[in-house]
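Have the sequence and the 3D view open side by side as you read.

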Amino acid sequence: DGKWVERLEEVCLMDGNWQVVFSAVVSLGLIGDPKAMKTLLKMLESDDGLVSSSAVTALAELKEPAAHAAILARASDPDATIRQRVASALGNIPLDEEGMAALRRLEEDEDRIVADCARRSILKKTMPF
């Protein structure tokens with residue numbers, strides 16, 4: 001419902017408590033309304049790692065090419081948690097050659113969890129189900 005999206009966006013932009021903002025970002029992802037993209041893109045730039053990493057997951061739910069491009073742009077983020085979320089999200093969105101190349105780079109990530117998530121996403125993309 002549009003009113004819920006608007007209220008959650010207000011919470012994201014105006015509440016100073018990271019836990020409340022985190023919950024609002026997760027909720028926006030679960031709703032999956034493309035109207036939330038502008039707010040989720042702002043949350044992707046949050047200084048709080050949990051908020052920005054949850055924005056990666058939420059953006060993947062929007063099924064919007066611009067959201068997917070924003071996710072892909074974070075594939076080399078210095079924060080391993082964000083790279084891990086990117087690796088997982090890339091398994092759930094349409095990818096072109098550039099996206100698959102980023103996923104293969106994440107498969108070689110120094111962080112084992114990131115690399116494992118990338119391997120799982122590659123399997124999703126390459127195995128017929």
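Cys117 is buried, with a relative accessible area of 5%. Cys12 is buried as well, and its relative accessible area is 5%. The model you are looking at is predicted, and it holds zero disulfides.

**The nonpolar core**
- The largest nonpolar core has 38 residues, and the members touching the most others are Val25, Leu40, Leu59, Ile71, Val86, Leu90 and Leu106.
- Two or more residues of this core come from each of α1 (2–14), α2 (18–31), α3 (37–44), α4 (49–60), α5 (65–73), α6 (80–90), α7 (97–107) and α8 (112–126).
- Helix α4 gives the largest share of this core, six residues.

**Around Val25**
- Which residues does Val25 contact, once neighbours within four places in sequence are left aside?
- They are Cys12, Leu40, Met43, Val51, Ser54, Ala55 and Ala58.
- Cys12, one of these contacts, is the buried cysteine mentioned above.
- Leu40, another of these contacts, is also among the core residues that touch the most other members.

**Around Arg104**
- Arg104 belongs to helix α7.
- With a relative accessible area of 40%, Arg104 counts as partly exposed, because that value falls between the 20% and 50% cut-offs.
- Beyond its neighbours within four places in sequence, Arg104 is in contact with Ile122 and Thr126.
- Arg104 and Ser121 are 17 residues apart along the chain, and their C-alpha atoms are separated by 9.6 Å.

Terms used:
Residues are numbered from 1 along each chain as its sequence is written. This is a predicted model: local features need pLDDT of at least 70, side-chain atom pairs count only at pLDDT 80 or more; totals for chains, interfaces and linings use all residues. Side-chain values use heavy atoms; hydrogens and water are left out. A nonpolar core is a set of buried Ala, Val, Leu, Ile, Met, Phe, Trp, Tyr and Cys residues joined through side-chain atoms within 4.5 Å. Buried means under 20% relative accessible area, exposed over 50%, partly exposed in between (1.4 Å probe, protein chains only). Helices (H or I, at least four residues) and strands (E, at least two) are DSSP runs, numbered from the N terminus. Contact means heavy atoms within 4.5 Å. A disulfide is a pair of cysteine sulfur atoms within 2.5 Å.
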